[in-house]
Amino acid sequence: MTKESSHPPHRAGVHRVVVIVDANSNPFELGCATEVFGLRRPEIGRDLYDFALCSPEPRTLMRDGFFTLTGVAGLEAADTADTLIVPNRPDVDVPRRPAVLDAVRRAHARGARLVGFCSGAFTLAEAGVLDGRRATAHWQWAASFRARFPSVRLESDVLFVDDGDILTAAGSAAALDLGLHLVRRDHGAEVANSVSRRLVFAAHRDGGQRQFVERPLPDLPHESLAPVLAWAQERLDSPLTVADLAARAAVSQATLHRRFRAQLGTTPLSWLTGERLSLACRLIERGETRMEMVARRSGLGTAANLRNLMRRETGITPSAYRRRFGPVAR
């Protein structure tokens, strides 16, 4: 069997995502990319992406020899990518092979979107495409990254960085956050929420949230925020405040803030605003054209506040969002 025969040909008109897998690559991030971009979505009714793996060698030994990957396309498949996800490996001080770096440079030169999960930022930096750009990487490698690539503007305490045509995620789980962010950017909040439900994963964690969560799991079941989050999500059109959330959780506001920081890596107000903005996006996608109505039903108050928040978080206005993701656009 030839290396190219194991994956379907590029489907015309569908955004093509290609993942480069190199020696000692991390299986988890590869799985994240496959799960988000590689699976068919019959519940959505259309293909979101065309997906392929490629490697510079016919046989690629994955991290710590866990398994050997064979039967994927050759590195030339990277030249067909609309989005290219670069290799990430734990051996960050070992130079990436020149053929991989050249493939990254070619993709960047022709305008492809580049994505680095975890230590993938090292691959992008070695290729020279991050000079003067914003990026992130796992906190444990921040000092090493800064020493090797001082011209890169490293943000070491965030989940992911969207710098337009180059995006980087901090760690393993943040790869899912960034993947869903890309789905949201490409196809809108409604589709991203559908993908996240299938993943049983948080629909939206803002890239600016902290990497380090002090306590990933609560010590006691009654400290879980899940009940109060579900309660709030059903009442986003109401004038909810942080005090209301604290009262519902039967804790002080200070305790609520500590639990949000520990369990979600954000503040109650930031979470509430993000949920409301996500609801506003879904309402626009479902056909609501009256921005005052969208703002009121999502709890954002006024159309002016909706415009300011949407421009800040998505980079586009509500009307531009409607043209891109609304029913007429489809």
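**View A. Ala-254 in helix 9 of the predicted model.** Helix 9 spans residues 253-263 and includes Ala-254. The relative accessibility of Ala-254 is 45%. That value falls between the 20% and 50% cut-offs, so Ala-254 counts as partly exposed. Ala-243 lies eleven residues from Ala-254 in sequence. Their C-alpha atoms are 10.0 Å apart.

**View B. The crossing of helix 10 and helix 12.** Helix 10 covers residues 268-285, and helix 12 covers residues 303-314. Their axes come within 11 Å and cross at roughly 100 degrees. Helix 10 is therefore roughly perpendicular to helix 12.

**View C. Residues in the contact of helix 10 with helix 12.** Helix 10 contributes Thr-273, Leu-277, Ala-280, Cys-281 and Ile-284. These meet Leu-306, Leu-309, Met-310 and Glu-313 of helix 12. By class, the contact residues are seven nonpolar, one polar and one charged.

**View D. The largest nonpolar core.** This core holds 36 residues. Leu-84 and Phe-145 touch the most other members. Two strands, strand 1 (16-20) and strand 2 (50-55), each supply at least two of the core residues. So do helix 2 (98-109), helix 3 (120-127) and helix 4 (142-148). A separate core has 33 residues, including Val-17, Val-19, Leu-180 and Leu-199.

**View E. The surroundings of Phe-145.**

Key:
Residues are numbered from 1 along each chain as its sequence is written. This is a predicted model: local features need pLDDT of at least 70, side-chain atom pairs count only at pLDDT 80 or more; totals for chains, interfaces and linings use all residues. Side-chain values use heavy atoms; hydrogens and water are left out. Axes are lines fitted to C-alpha atoms, for helices over the stretch in contact, and angles run from 0 to 180 degrees between N-to-C directions. Helices (H or I, at least four residues) and strands (E, at least two) are DSSP runs, numbered from the N terminus. Angles under 35 degrees count as roughly parallel, over 145 as roughly antiparallel, 65 to 115 as roughly perpendicular and the rest as oblique. Contact means heavy atoms within 4.5 Å. Ala, Val, Leu, Ile, Met, Phe, Trp, Tyr, Cys and Pro count as nonpolar, Asp, Glu, Lys and Arg as charged, and the others, Gly among them, as polar. A nonpolar core is a set of buried Ala, Val, Leu, Ile, Met, Phe, Trp, Tyr and Cys residues joined through side-chain atoms within 4.5 Å. Buried means under 20% relative accessible area, exposed over 50%, partly exposed in between (1.4 Å probe, protein chains only). Lists of a residue's contacts leave out its neighbours within four places in sequence.
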